[in-house]
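Good morning. I will take you through one structure, and I will keep to what the coordinates give us.

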Amino acid sequence: MIKELYRFETTETSLNVTQSEIDSVRRKHIVKSGCRVYEAGCIGIAGTLGEATEETWRQAEANLARKVPYPYDPEQNKVRHNDRSQEVLDSGEFTARVEQLLNRLRTAFPRMIFSNKVNMSETTVSLTNDAGLDYCCRDLTYAVMLLAKDVDSAAVFDTAAQYLGRSFDVDAIFADVSQIMEAHQTVLPLPEGNTLPLIVESGLVKDPLNQALNGQLFYRGASLLSGKQGQKLFSGDVTLQVDRTPDSYASAFFDAEGSILPGDTLPLIENGVLTRPYADKKTAAEFSCENTAAAGANYDDLPQLAAPNTSFASSGKSLQELLQGRDAVLVVMASGGDCTPDGMVATPVQTSYLYRDGRLLGKLPEFSVRGSLFDLLGKNYLGRSDDKPFCGFQWLAVEAEIAP
Amino acid sequence: MQFPAGLFTDVRYESVYNTTISFENGQLKQNKTALERGAFIRVFDGSRWYYSATTDLDTIQSEIDALAAMAKPNAGILDHPVVKRLQANRDVCLRYRETDVSKISNEEKVALLSSYLPVLQELDDVQMSMLFYFDTHTEKHIISSLGADVTFDYQRASVVLRYAFGCNGVPFSNQQHAYRETFQELRDLQDSFREKIAADWQYAHNAVPVVPGVYTCILAPVVTGVFAHESFGHKSESDFMIGDETMRREWALGTRVGSDILNIYDTGIPEGSGYVPYDDEGTKAGKTYLIKDGILTGRLHSAYTAAALEEDVTGNARAMSFEFEPIVRMTSTCIGAGTQTVEELFAGVKEGVYIQDYKHGSGMSTFTIAPNVAYMIRDGKLAEPVRIAVITGNVMETLHKIDGLSSEVELCSSSTGGCGKMEQWPLRVAFGGPYVRVQGISVQ
């Protein structure tokens, strides 16, 4: 019998902003412990909030009687610790810096009302067992998620500014937020044309890909991409990879089964060719495919196939170079869209700005975009920027059909 | 418990029992029972709130003391408008003690779920299937420095059948579910599931891409509920209006915001996934009309927002779990019944779209619904099934374009997912209403 502990620890200071002022401070320290025991091809799991106790382990062993199959070897004799934190602030200093940021925003943009959250979160996830596995990944991130509206606006909010990083540089964050707030003061018409270059966060195309690249759906013929492994489906500039590197804020270097990847990354789409769907140990065994470290689990769940964090590889050009001098639309908010089973993507764009030569010129009216997933990542794919010109993101540039 | 002087303090204890059992393609995949306990503490000094979430229930007093040390004692705290609105109810409302799902054996739950396996195994063209049993029994206990002492519970048990058809390269996924308050009510639903899945099979194998455009749409009750929730429910959450004079002016009660047949209300009283007898600051549930006969008549409040807008609390201060502070959220949000039959609604449509089921929705100035099952309407009759990515509309224009409501209504509970607002997702809510006919919806 092998005993394994899957443990999450979160320490957080969360500041709520209302009317551009901090109105609440939330402290959180939560430990979640999942005890796993492996025996005779089965797994027993029990979890508890707080540290695991003898009773938690006893319950995990008792749960072996439920005969939940898990005929895969737990990881053994592997040790790796990864601390991704950079700037470490205490709660008081963090609060002081956020107050400083809000003071500057209030002064610079007196017509804008800011709200929502600014968080400092320290997370440690570990997977250890009595067969020599000792994995631990720690991160400390700062997240600014500010909504903003004009004092004369009757909307719930007009725009948003966000930042995610491992340091809290007030000057840099203020400069980033200011670009959007300054552009927001000018209202511009939507540029002419049936199609426009869009500068988007990758979710617009990644969300449907997450479904289509699910190894279980893929090999069972229930994916849009089933039967297309090895085919060149997208632009040669498109490389989509599982990303467990420190560049990722969303995932540790190991998955919920302790699987890791060489260099913490593996392409699912490489130079436009569909190389492999994502898979966990079960999917890899069932379909004789590569395990891509794509098992996910809550602390007390059985590990199972889940979309891993993925990223598009940089095209090696700045955003400006990707656009080659063309005007484009920076999409700040596009929520509620979806993709049909045959790959047609459509979404309203609630908030966007006209981009020209590295600058945001003004706010655009709401509109909708649509396009085939294969076109958006095919003939209409412009690339992923090497630089991070707004909000700390490397942006994706695609051409899409516009529906005013 | 020692509550510090000059401050308002409350503590919310939560105990959540839940079971998850699943089969993947007929094989047992997960069989989990969990009991989670935690607490959320709030301290208010009249100008700022201080919160702490903890799983260590032996340290509540020290957490209170630590928060109090950050706050500034306020001799007038009891006269603060927020504190004045916080109710000091004392009640024990344990509705599900007798039918507590935690008292049902795991073997019985596995046996129940196994009885649904044939429904998925007998289908043609099912490439992937998942079968789930979920139950949750939640007990909350709220005490406050005002003397509140409220204990209440809620419960659900669900079976969910999820499946994917291959459909010759255009795969289709959907799920059917049964949400009940007790375990026993989940028996003998196989034929009902069979009927719904067979209809889905027909849809999946015959659907064609919709021609994008602007259409008259008829929404099924579950979609109506999402529409009410997304189009107007979120706008009624008054935390967005705090200190905002423009919003207060634009959203003055008495303003016409929709057609005169439109009524929308929110209530935590009915059983289902929106049942909230007390909210997470101990306010008793009520029924709040947001729109009556097309006129804005109310909005949703916590004590904080009610004080800011000089209105009354409504029982809508809710938190996703003990890890979060209560914010203004919906409970069961519904459009009120109309007078027409469903046939009469359809008869008024020359060419339109019937939205039968949905994947998700969103809403602020523009609402969106991503349909999962939809049909064209031609000459008042259901016609060919169509695939649609998203339907959208401007909230404040669309509410005026509702021109028909059926007398038949349904309140729908969710077995999976829930409402998301900022960092708190998913929160259990319910929604529903009649069949609704609305003009001028953009269909992509």
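This is a predicted model: local features need pLDDT of at least 70, side-chain atom pairs count only at pLDDT 80 or more; totals for chains, interfaces and linings use all residues.

Let us start with chain A. Its domain assignment gives domain 1, residues 2-184, and domain 2, residues 186-404. Taken over C-alpha atoms, the centres of these two domains of chain A are 23 Å apart. Their contact takes 33 residues from domain 1 of chain A and 25 residues from domain 2 of chain A.

Which elements supply the domain 1 side of that contact? At least two residues each come from β1 (2-18), β2 (21-39), β3 (42-49), β5 (78-83), β6 (112-129), β7 (133-150), β8 (159-165) and α3 (170-184) of chain A. The largest share belongs to β8(A), with 6 residues. Sorted by class, this side of domain 1 of chain A has 18 nonpolar, 10 polar and 5 charged residues.

Now the contact between the chains. Chain B gives 56 residues to the contact and chain A gives 56 residues. On the chain B side, at least two residues each come from β2 (27-44), β3 (49-54), β5 (126-144), α7 (245-250), β16 (351-363) and β17 (366-378). Of these, β2(B) gives the most, 10 residues. The side of chain B that touches chain A divides into 22 nonpolar, 20 polar and 14 charged residues.

There is also strand pairing from one chain to the other. Strand β2(A) pairs with β3(B) in the parallel sense, over 6 bridges. If you want a place to look, find A:R26, which stands opposite B:Y51 in β3(B).

Next, a helix in chain B. Helix α5(B) covers residues 190-206, which is 17 residues; at 1.5 Å a residue they should span 24 Å, and the end C-alpha atoms are 25 Å apart, which agrees.

Where do the buried residues of this helix sit? B:I197, B:D200, B:Y203 and B:A204 are buried in α5(B). Seen down the axis of α5(B), the buried residues fall within an arc of 110°, so they line one face of the helix. In general, an α-helix has 3.6 residues a turn, so residues three or four places apart point the same way. The buried residues of α5(B) pack against β6 (149-165), β7 (172-180), β17 and β18 (381-387) of chain B. On the other side of α5(B), the exposed residues are B:D191, B:E195, B:A198, B:Q202 and B:N206.

Back to chain A, for a sheet. Four strands form an open sheet in the order β12-β11-β10-β15, with antiparallel pairing. The edges are β12 (273-274) and β15 (310-312) of chain A; each has a single partner strand, so one side of each is left without a neighbour in the sheet. Strand β11(A), residues 265-270, pairs with β12(A) in the antiparallel sense over 2 bridges. In that pair of strands, A:E270 stands opposite A:V273 in β12(A).

Is A:R384 buried or exposed? A:R384 has 25 other C-beta atoms within 10 Å, and 20 or more count as buried, so this arginine is buried. Leaving aside residues up to four places away in sequence, A:R384 touches A:F312, A:A313, A:S314, A:S315, A:Q394 and A:L396.

That is the tour; please ask about any part of it.

Notes: Residues are numbered from 1 along each chain as its sequence is written. Chains are lettered from A and ligands numbered from 1 in the order in which they are written. Domain bounds come from an automatic or database domain assignment. Two residues are in contact if their C-beta atoms, placed from the backbone, lie within 7 Å. Ala, Val, Leu, Ile, Met, Phe, Trp, Tyr, Cys and Pro count as nonpolar, Asp, Glu, Lys and Arg as charged, and the others, Gly among them, as polar. Two strands pair if DSSP finds at least two bridges between them. A residue is buried if 20 or more other C-beta atoms lie within 10 Å of its own, exposed if 12 or fewer, and partly exposed in between; C-beta atoms are placed from the backbone. The expected span of a helix is 1.5 Å times one less than its number of residues. The arc is that of the directions from the helix axis to the C-beta atoms.
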